[in-house]
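These are my notebook entries on one structure, set down in the order in which I looked things up.

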Amino acid sequence: MSKKKPGTPSGTIALNKKAKHEYHIEERFEAGLALLGWEVKSLRAGKAQLVDAYVLLKNGEAWLLGSHITPLNTASTHVIADPTRTRKLLLHAKEISKIMGKVNQTGHTCVPLALYWKKNKVKCEIALVKGKKEFDKRATEKERDWNRQKQRIMRDANA
């Protein structure tokens with residue numbers, strides 16, 4: 001029996017919290033990632049960021065740009081590590097064509113939402129999104145605050 005490693009308690013490696021604030025998420029996809037050995041070791045240590053990352057669709061392939069995987073000192077001694085290199089996303093051809101069709105429409109783009117482990121593979125959750133206007137962001141924030149306040153009222157009423 002193998003025990004769970006203490007480094008990462010859940011399967012999530014990195015989240016793009018900014019994406020949920022900036023965009024309306026319309027459709028989600030799960031993509032595999034083509035990684036090098038030192039990148040996998042860094043991901044096991046939880047050294048990844050998706051802050052300004054985005055998905056580029058070119059020649060029928062999907063690429064992850066702008067993601068940052070910090071190299072470990074011990075893992076990449078013989079390789080010159082590029083932390084922001086372009087990484088290939090592994091998707092089915094039908095999924096890529098569906099995403100390309102939507103991205104070619106006005107206002108749509110494709111962004112990564114999360115990096116996570118699925119068994120022993122690294123997966124990237126990507127989403128087709130549409131940009132939010134400033135008033136949409138304010139409305140979302142107001143709704144979130146109201147839900148939080150409702151929870152407090154219900155908790156205080158029950159206590």
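Entry 1: Asn59 sits in the loop between S4 and S5, where helices (H or I, at least four residues) and strands (E, at least two) are DSSP runs numbered from the N terminus. Its phi is near 55 degrees, a positive value in a residue other than glycine. I recalled that most residues other than glycine have a negative phi. With 82% relative accessibility, Lys119 counts as exposed.

**Entry 2: basis of the values.** I recorded that this is a predicted model, in which local features need pLDDT of at least 70 and side-chain atom pairs count only at pLDDT 80 or more, while totals for chains, interfaces and linings use all residues. Residues are numbered from 1 along each chain as its sequence is written, and side-chain values use heavy atoms, with hydrogens and water left out.

**Entry 3: the sheet.** I traced an open sheet of seven strands with antiparallel pairing, in the order S1-S8-S9-S2-S7-S5-S4; two strands pair if DSSP finds at least two bridges between them. S1 and S4 (54-58) are the edge strands, each pairing on one side only. On average, neighbouring strands of the sheet are turned by 40 degrees against each other, direction ignored; the axes are lines fitted to C-alpha atoms, for helices over the stretch in contact, and angles run from 0 to 180 degrees between N-to-C directions.

I then went through individual pairs. Ten bridges join S8 and S9 in the antiparallel sense, and Val111 stands opposite Ala127 in S9. Helix H3 (residues 93-103) packs on the sheet, where H3 touches S2 (23-33), S4, S5 (61-65), S8 and S9. The direction of H3 makes about 145 degrees with that of S8.

S2 and S7 run antiparallel and are joined by two bridges, with Gly32 opposite Leu90 in S7. S5 and S7 pair over three bridges, again in the antiparallel sense; Leu64 has Arg87 in S7 as its bridge partner.

**Entry 4: helix H2.** I listed the buried residues of H2 (residues 37-44) as Trp38, Glu39, Ser42 and Leu43. Seen down the axis of H2, they fall within an arc of 140 degrees, so they line one face of the helix; the arc is that of the directions from the helix axis to the C-beta atoms. These buried residues pack against S1 (12-15), S3 (48-49), S6 (68-69), S7 (87-90), S8 (108-118) and S9 (121-131), where contact means heavy atoms within 4.5 Å.

I looked at Ser42 separately. Ser42 has a relative accessible area of 0%. Leaving out residues up to four places away in sequence, Ser42 touches Lys47, Ile69, Thr70, Pro71 and Leu72. Just after H2, Gly46 takes a positive phi of about 80 degrees.

**Entry 5: nonpolar cores.** How many residues does the largest nonpolar core have? I found 26 residues, a nonpolar core being a set of buried Ala, Val, Leu, Ile, Met, Phe, Trp, Tyr and Cys residues joined through side-chain atoms within 4.5 Å. Those with the most contacts inside this core include Leu43, Val55, Leu89 and Ile126. S1, S2, H2, S4, S5, H3, S8 and S9 each supply at least two of its residues, and S9 gives the most, with four. Val55 touches residues that include Leu64, Leu89, Cys110 and Val111, not counting residues up to four places away in sequence. A second, separate core of five residues includes Val111, Leu113, Ala127 and Val129.

**Entry 6: cysteines.** I found zero disulfides in the structure (a disulfide is a pair of cysteine sulfur atoms within 2.5 Å). Cys110 is in no disulfide, the nearest cysteine sulfur being that of Cys124. Cys110 counts as buried at 2% relative accessibility, and Cys124 is buried at 0% relative accessible area.

Key: Buried means under 20% relative accessible area, exposed over 50%, partly exposed in between (1.4 Å probe, protein chains only).
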